[in-house]
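The entries follow the order in which I went through the model.

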Amino acid sequence: MASSFFTKTPSLSAIFSIYTSLSAFTILFRTLLHQIIPIQIRDFIISKFTDYFSTYFNSNFTFIIEEQCDYVTNQTFRAAQVYLPTLLSRISTGSLLVSSSNLKNPMAKPKFGIPVKAKIIDEFEGIHLEWTLFSAKDNTSYMSRPKRYFHLTCKKEFRDKIMSDYFAYISKSSVKILTQRDNLNIHTYIPEYKRWEPAIFQHHTTFETLAIEPELKNTLIRDLDSFANGKDFFKTVGRAWKRGYLLYGPPGTGKSSLVAAIANHMNYSIYDLQLQSVKDDAMLRQILTLTENRSILLIEDLDCSSGADARKEDKEDDENQTKKKKNDPKVTLSGLLNFVDGLWSSCVEERIIIFTTNHKEKLDPALLRPGRMDVHILMDYCTPFVFKKLAALYLEIEEHDMFEPIEKMLLVLKATPAEITEQLMVSKNPDVTLKGLIEFLKSKRIG
Ligand SMILES: Nc1ncnc2c1ncn2[C@@H]1O[C@H](COP(=O)(O)OP(=O)(O)OP(=O)(O)O)[C@@H](O)[C@H]1O
């Protein structure tokens with residue numbers, strides 16, 4: 001029995017020769033495979049295998065939330081960006097972004113953010129969730145910024161629950177956080193990047209520090225508050241939830257200050273659009289879709305934009321006209337109107353649009369027709385009331401012997417609140433300052 005076993009067992013040299021033949025065959029087979037099957041097909045087969053096995057063995061499900069979708073900011077990405085910083089204590093990797101942007105107060109507490117690839121754990125109705133931020137280089141243009149996206153991972157069986165309830169929950173939470181935010185942003189559109197760049201908005205003007213007639217102030221605050229609470233009303237009457245304001249008046253009468261007061265009152269960020277940098281109507285539409293809900297869209301100096309000013313062909317010679325046309329933006333009046341009042345105006349909710357101009361009379365009448373801009377506000381020269389308010393703010397006085405002559409002069413001559421504030425900042429001593437102001441006003445009368 002034993003001898004038959006040994007006689008049937010192949011010799012060591014036979015095993016070695018079988019092994020060598022097999023190896024040679026494998027190498028030959030692999031070489032043939034590499035030469036016959038193109039690399040793309042090989043990669044495809046490998047990826048299919050990998051997918052199949054990873055899906056089979058992996059019990060997780062991942063949602064991918066990209067920053068941009070269909071050329072607009074993905075609101076789910078934005079909601080996650082606002083919501084996740086509230087979970088920073090649950091970051092599971094050992095790093096955090098730290099930044100301080102409060103220029104006025106270097107001692108202010110820094111803000112913390114989520115670094116790329118850091119994992120944040122969330123818990124929703126007992127479901128364990130993992131968020132990770134990724135950033136990938138976009139090679140489409142050398143100016144392009146990296147593409148950012150979140151991965152949200154949960155157990156497969158909770159996929160539907162997350163889709164139906166969790167995304168709605170983070171979107172609601174982000175709106176709540178934004179309403180209570182203490183930092184507003186002012187955004188500038190960068191055409192090269194095709195995106196709005198935010199900066200911290202730290203204008204301290206409020207309705208308390210803005211010197212305007214009390215009637216105007218109260219009407220405006222009422223109007224803004226009823227707009228903010230008017231979601232159902234706008235829906236019922238079938239109108240886009242937006243409000244348009246035209247601020248007009250001479251330079252230095254507080255138009256920009258009023259915009260800041262509105263932003264601070266509403267807690268809305270500002271999108272400051274330079275119409276001159278917009279190439280055409282298509283670009284205007286794209287820019288508009290990249291803004292967020294609960295914001296102010298500001299277009300300053302509307303009279304300087306070709307789409308908005310009234311026609312005046314006869315007044316300028318041909319050469320000047322051609323020169324001007326070359327530099328003019330190609331935003332048309334109809335593009336602008338569509339943007340104020342047409343279908344495109346409703347692509348963002350709870351939006352305030354503010355136009356400012358120093359020359360209302362130069363605007364095309366089509367822009368001024370009822371319904372285009374809901375409220376027209378004249379920001380005028382300094383009145384006695386406005387002067388007293390400014391004196392109370394700058395000099396901290398309610399009354400002074402020199403008030404009367406100043407108020408009388410303000411009734412007959414034109415001085416802007418900006419000119420008055422400049423004079424009021426000369427000294428903290430009311431006698432010196434008010435004397436200087438009287439001299440300034442006298443010089444105006446003579447001039
Ligand atoms: N009504 C006001 N109340 C308080 N301060 C004011 C007021 N108007 C102007 N000022 C002061 O004058 C400065 C310039 O005003 P502001 O820039 O708001 O005017 P404007 O009408 O927007 O001018 P422009 O048309 O040149 O942009 C402000 O920074 C502020 O200090």
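**Ligand.** I began with Lys255, where an N or O atom of the side chain is 2.8 Å from an oxygen atom of the ligand, a polar contact in the sense of a pair of N or O atoms within 3.5 Å (within protein, one must be able to donate a hydrogen and the other to accept it, and residues adjacent in sequence count only if both atoms are side-chain atoms). For Ser256 I noted a side-chain N or O atom at 2.8 Å from a ligand oxygen, and for Gly254 a backbone N or O atom at 3.1 Å from an oxygen of the ligand. Taken alone the ligand exposes 630 Å², of which the protein buries 73%; such areas come from the Shrake-Rupley method with a 1.4 Å probe, and for residues only the protein chains shown count as cover.

**How I read the model.** The model is predicted, and local features need pLDDT of at least 70, side-chain atom pairs count only at pLDDT 80 or more, while totals for chains, interfaces and linings use all residues. Residues are numbered from 1 along each chain as its sequence is written, and side-chain values use heavy atoms, with hydrogens and water left out.

**Shell.** How many residues surround the ligand? I found 17, the closest being Ala211, Gly252, Lys255, Ser256 and Ser257, where a residue is near if one of its heavy atoms lies within 4 Å. By class the shell has eight nonpolar, eight polar and one charged residues; Ala, Val, Leu, Ile, Met, Phe, Trp, Tyr, Cys and Pro count as nonpolar, Asp, Glu, Lys and Arg as charged, and the others, Gly among them, as polar.

**Salt bridges.** I took a salt bridge to be a side-chain nitrogen of Lys or Arg within 4 Å of a carboxyl oxygen of Asp or Glu, and by this rule the count comes to 14. Asp223 and Arg243 meet in one of them, at 2.9 Å from N to O. This pair links distant parts of the chain, with Asp223 in helix α6 (residues 214-228) and Arg243 in strand β11 (residues 242-248), 20 residues apart; helices (H or I, at least four residues) and strands (E, at least two) are DSSP runs, numbered from the N terminus. Both Asp223 and Arg243 are buried, that is, under 20% relative accessible area, whereas exposed means over 50% and partly exposed in between (1.4 Å probe, protein chains only).

Arg243 also forms a salt bridge with Asp374, at 3.6 Å from N to O. Asp374 lies in the loop between α12 (365-368) and β15 (375-378), so this pair ties together parts that are 131 residues apart in sequence. Asp374 is partly exposed, at 26% relative accessible area.

Within helix α5 (residues 159-179), Asp165 and Lys161 are four residues apart, about one turn of the helix, and their salt bridge has its closest N and O atoms 2.6 Å apart. I also noted a network of salt bridges that links Glu67, Arg148 and Arg195.

**Phenylalanines.** Phe77 and Phe150 are 73 residues apart in sequence, yet 7.3 Å apart in space, C-alpha to C-alpha. Phe25, in helix α2 (residues 12-36), is exposed, with a relative accessible area of 52%.
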